[in-house]
Amino acid sequence: MPSQKFIDSVIETFPKNQVYLDEVLVHTLSLDASPFEPRAKMLVDVRNKEELQTLLSLARNHNAALTFKGASTAINGQAVGEDVMVRFSGPAWTETKVLDDGNVVWAKSMTPGGAINKALAPFGRIIGPDPGSISVATLGGMAANNSTGMCCTIEQNIFHTMKSIRVILADGTLLDTADENSCTAFRKSHGELLNGLADIRKRIMADNKLSEKIKRKYSIRNTSGYSMNAFTEFEDPLDILEHLMIGSEGTLGCILDVTLNTVVLEPYRATSLMLFPTLEDAVKAISILSQEDNLARAAELMDRITLKAVEPFPSTPEIISTLDSNACGVLLETQATDEKILQERINKILERLKDIPQLTDHEFVTDPEAYDRLWDMRRNTYPAFAGVSGPYDFTVTEDWCVPPKMLGEAAEVLQNLLEKHGFSGGIMGHAFHGNMHFILPVPLGDQAAVDKLKGLTNDIVDVMINHFEGSLKAEHGTGRSIAPYVAREWGPELYAMMKELKNILDPQGILNPGVILSDDPNCHFKGLKQPWGLHKFVDNCNGCGFCDSVCPSGKIGFVPRQRIYAKRTIDRMRKQGEVERANHWEQVFKQYGQDICATDGLCQLRCPLAVDTASYMRYLRHENLSDFAKKTAHRIGKNFSTVAGIASMALNTGRGVEGFVGHSGTAVMDSLANKTVGQHVPDLVDMKLRGGSPAPSNNTKNSKQKVVYFPSCAVRTMGYEKESGPSRSPLMDITVELLNRAGYEVVFPEKMKSLCCGKAFESKGLSEEADRKSDELSTALLKATDNGYWPVLCDTSPCLARMKKQLDKRLDLYEPIEFAQQFLAEKLNFIQLPKTVAVHPTCSTRTMGKANNLVEVASMCAENVVLPEGINCCGFAGDKGFTHPEVNASALEALPAQVASCTEGYSTSRTCESGLTLHSGKPYFNLLYLLEESSRNN
């Protein structure tokens, strides 16, 4: 526990909004993907290296322990924490520079690996490591664990591809190994430290047994303990120090950025899911292929239990469900620089394997979508086991490495040990590397099950050390899971040297204690998470974190896995009688988890198991509604036309008042409103927002082709600033003009002012009224379309997405993007206007799979189209931009710089456009405006 003096000193030094002491916030925001409960007592956000150095100074002065938090995708307890969890917040920690025509890349520690590879893609290069979580895992985290992955060879890992590194040590010193001045200064100021490392090296090299043991252990994948090969591969103690940081898991220093040599991404790929009658046959095939360099890049072994777990995924071939219990799969990939060489390699592979029994003919796919589906199946193996487990299970995984020639024997031994201890778990592995994993659903709240897991672990450790001379950790890092076994694996001499180098670099032991080195023989089974069943929407969540990056409220509140963790903890506390504590957790959860959730559903798209946190949040909102709230919603629904008219009038009034009092007056009113009634006064001027307009009265010409146009209630209520934009006409007028131009007669549904799809009610948990409004709209549209004969256009994608789910299936429903491609592209002549425009796919546009279509449509109408990176849901979320504007501001923090060259932006949701306009500094309009402007010459 950090001392009160330390806590006071941090509070005095750091801004209030960067320091967290509440148990709910500290534990929930510290959550990682491991089976361990968060343990930190305090969380501090640091926004630059100077703040980090200040925090380190305070920690040294008060002997407080710090743990550095990356993306928290590690699964062995590397970032559980003890005293203080340190988060790296803000733009200072993410940046990428591609150097030397892509042969080298420099990136800051919080940059996701997927983003780095995207920057390298135009150069035909990638970074060496390719862990399954690379889309979200940060470079700093991958370096701290020396991550590898499915295809990465030992020569391509970060240890071997690193050119330079910047780190801050426990004493606050910043060392930049690419800067000669920094290195010279460090040699002078830290001569004693470097001498200590040189002495360790001298002793290792003087003992042939020790040096040979290190070389042997690093001839295969190995992330157990510290990177002792730094002492055998380098002479200069500064080089040794630099490489000790790789795989050190934040226990020796904090990695700020890394410069890496990249590897070639051969552009032509072919992938095959090969199915064999037995594990023995699969291993034999792998052995044959591994004897010839460059024939295949990766071979992923998957036993029948693993294949069974991934059966439900759309990416899994149907034949998998027909296999018997002995079958085994190998996902094989080969690559080449051109099609001819690729085909030659495919032919060689098929020739080499012709005498191995097979269940089906080996077929290679070369279409990117096809082989991506196969690799998605493999990447989903870990979360897949959460999908077949119970709500009180946690999916535990471990990994080992053996010499590749012993892979078959090792796999058989593992299967026997799993059976011995009563587990039915899947075995898979990066076969060319001799790297194996098992995945087990385990009820960690059941002590008997935990004892079984401990017995299994002990047996595997015995056989790995004594028989196979393998690695207890191949690529996942040591963490806490294997820390008790490091001494046994490495022997007393080398383990003592590990403790010595830890003491040299961190003499006070303030960096991530309990990780890699531990004197507690049971630390790997202490403080385990207690999985808890909540609801079918979220029970499959295993906390992997794949969804974190798309959560619009993640920077100011909880991300989906944190919401689920907090609610599980609350329910468990209530069941166990901790009512007062649970009430406090509930209060904080409501503020940081439930109320600000945008319920956009993008997290479900990123989740391999389609965990539906958005629906769960709506369910909770519904459960918390009072009878008064439900009755009020019903009254609003029954009198929707009147309420919408009042809202539109209020916007016009507010716009007028704001024009009179100015921005400063609006800010004062906002502050007062927030303090008194918990609401916000929106900045209508900067949003370019005012009340709506009536539907066109004389709106159409007679035609044999009709379109039923349903303007959303947002469009009917919220208009655009009259003096701005490519057209001063209201959106409904513009849409009718566009449809008429294409030869369509426009039909509005009867009593349109009273109609609503129910989306606004649904997001607040008012499901009954939402469904009633949907039914009402469905009836009106069926009448207007002659029972579905004519297509329906809705100008708002979020509304259309709900309509597709809820309305009568006879209705042919379209939002602007799909409607433009299907009904307008061939009827109108669109010209590319000489301007640069931005586009924003709404969350519903993305869930409907239309993001790329939006770019295509905009590109018909403008010479240059910008789709900003990393901007997913805008966070306006219906009315969140009014009630919780901080969500909208946080979600769009990176937008202005990316759209600076644009004249304006386009989307398909009026509320989203308001927030985008406010936070980008550019006016955003409905896509229909761009379509109308581009086709005026028809």
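The points below go through a predicted model of one protein chain.

1. Basis. Residue numbers start from 1 along each chain as its sequence is written, and side-chain values use heavy atoms, without hydrogens or water. In this predicted model, local features need pLDDT of at least 70 and side-chain atom pairs count only at pLDDT 80 or more, while totals for chains, interfaces and linings use all residues.

2. Confidence. The pLDDT is the predictor's confidence in each residue, from 0 to 100. Its mean over the protein chain is 91, and 95% of the residues reach 70 or more. Residues 660-681 have a pLDDT below 50; this stretch still has 23 contacts in the model beyond near neighbours in sequence. Contact means heavy atoms within 4.5 Å.

3. Overall form. The radius of gyration, taken over C-alpha atoms, is compared with a globule rule of 2.2 Å times the number of residues to the power 0.38. For 938 residues a compact globule would have a value near 30 Å, and the protein chain agrees, with 30 Å. Its secondary structure comes to 40 helices and 27 strands; these are DSSP runs (helices H or I, at least four residues; strands E, at least two), numbered from the N terminus.

4. Burial. Of the 938 residues, 59% are buried, where buried means under 20% relative accessible area, exposed over 50%, and partly exposed in between (1.4 Å probe, protein chains only).

5. Cores. A nonpolar core is a set of buried Ala, Val, Leu, Ile, Met, Phe, Trp, Tyr and Cys residues joined through side-chain atoms within 4.5 Å. The largest has 113 residues, and Leu 332, Ile 349, Leu 456 and Met 464 have the most contacts inside it. Helix H18 (residues 447-468) gives the largest share of this core, 10 residues. Another core lies apart from it, with 57 residues, including Val 746 and Phe 925.

6. Met 464. Beyond its neighbours within four places in sequence, Met 464 touches residues that include Trp 400, Val 402 and Met 436.

7. Helix H29. In H29 (residues 731-741), eight of the 11 residues are buried, among them Leu 731, Ile 734 and Asn 740. Gly 743 follows H29 and has a positive phi, near 95°.

8. Thr 148. This residue lies in the loop between helix H5 (139-145) and helix H6 (158-161). Thr 148 counts as buried because its relative accessibility is 5%. Its side chain makes a polar contact with the side chain of Arg 221 (3.3 Å). A polar contact is a pair of N or O atoms within 3.5 Å; within protein, one must be able to donate a hydrogen and the other to accept it, and residues adjacent in sequence count only if both atoms are side-chain atoms.
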